[in-house]
Amino acid sequence: MRTLATAFTCLFLLALSAFPQSTARIVGTVRDSSGAAVPDATVSAVNTQTSLRETRQTAADGTFSIPLLPVGRYEVEISKQGFQKVVRSGIILAVNDNATVDVSLNVGAVSE
């Protein structure tokens, strides 16, 4: 009985250690048209095959990181009040990829 419990524990830990190896991440920097960092912009990575959505805010220096994304096809949406929304599509993530999506936001109407 104890051997069986140990075997299941080992299998569980092995499965957990394999999970990060089958994921990828999207990183990048959001700037305005003058090149200044855009803090607190909303960045969403959307898997176009499963509709999985992961959302993060940019840091004070405009950078963002969305880790542990399942492999697949993604669209990245970047928005901030006062700027035009930007959508980047056709991002294909493979195992252990670090896709970089750098974006420049243009000033837009408050409703955009």
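**Entry 1: salt bridges**

I counted three salt bridges in this predicted model, taking a salt bridge as a side-chain nitrogen of Lys or Arg within 4 Å of a carboxyl oxygen of Asp or Glu. Residues are numbered from 1 along each chain as its sequence is written, and side-chain values use heavy atoms, without hydrogens and water. Because the model is predicted, local features need pLDDT of at least 70 and side-chain atom pairs pLDDT 80 or more, while totals for chains, interfaces and linings use all residues.

I looked up Arg53 next. Arg53 bridges to Glu77, with the closest N and O atoms 3.0 Å apart. Arg53 sits in strand 3 and Glu77 in strand 5, so the pair ties together parts 24 residues apart in sequence. Strands here are DSSP runs (E, at least two residues), numbered from the N terminus.

Is Glu77 buried or exposed? Glu77 counts as buried at 15% relative accessibility. Arg53 is partly exposed at 44%. My cut-offs: buried is under 20% relative accessible area, exposed is over 50%, and partly exposed lies in between (1.4 Å probe, protein chains only).

Glu77 also forms a salt bridge with Lys85, at 4.0 Å between the closest N and O atoms. I noted that Arg53, Glu77 and Lys85 are linked in a network. Arg56 and Glu54 make a salt bridge too, at 3.3 Å from N to O. Arg56 is partly exposed at 29%, and Glu54 is partly exposed at 26%.

I traced four strands in an open sheet, ordered 3-2-5-6, with antiparallel pairing. Two strands pair if DSSP finds at least two bridges between them. The edges are strand 3 (53-57) and strand 6 (86-93), each pairing on one side only. Strand 2 (residues 42-47) pairs with strand 3 over five bridges. I found Thr42 opposite Gln57 of strand 3.

I found Asp32 in strand 1 (residues 23-32). Asp32 is buried but has no salt bridge. Which side chain of opposite charge is nearest to Asp32? That is Arg31, 7.5 Å away; Lys and Arg count as positive, Asp and Glu as negative, and His and the chain ends are not counted.

Leaving aside neighbours within four places in sequence, Asp32 contacts Val38, Phe83, Ser104 and Leu105. Contact means heavy atoms within 4.5 Å.
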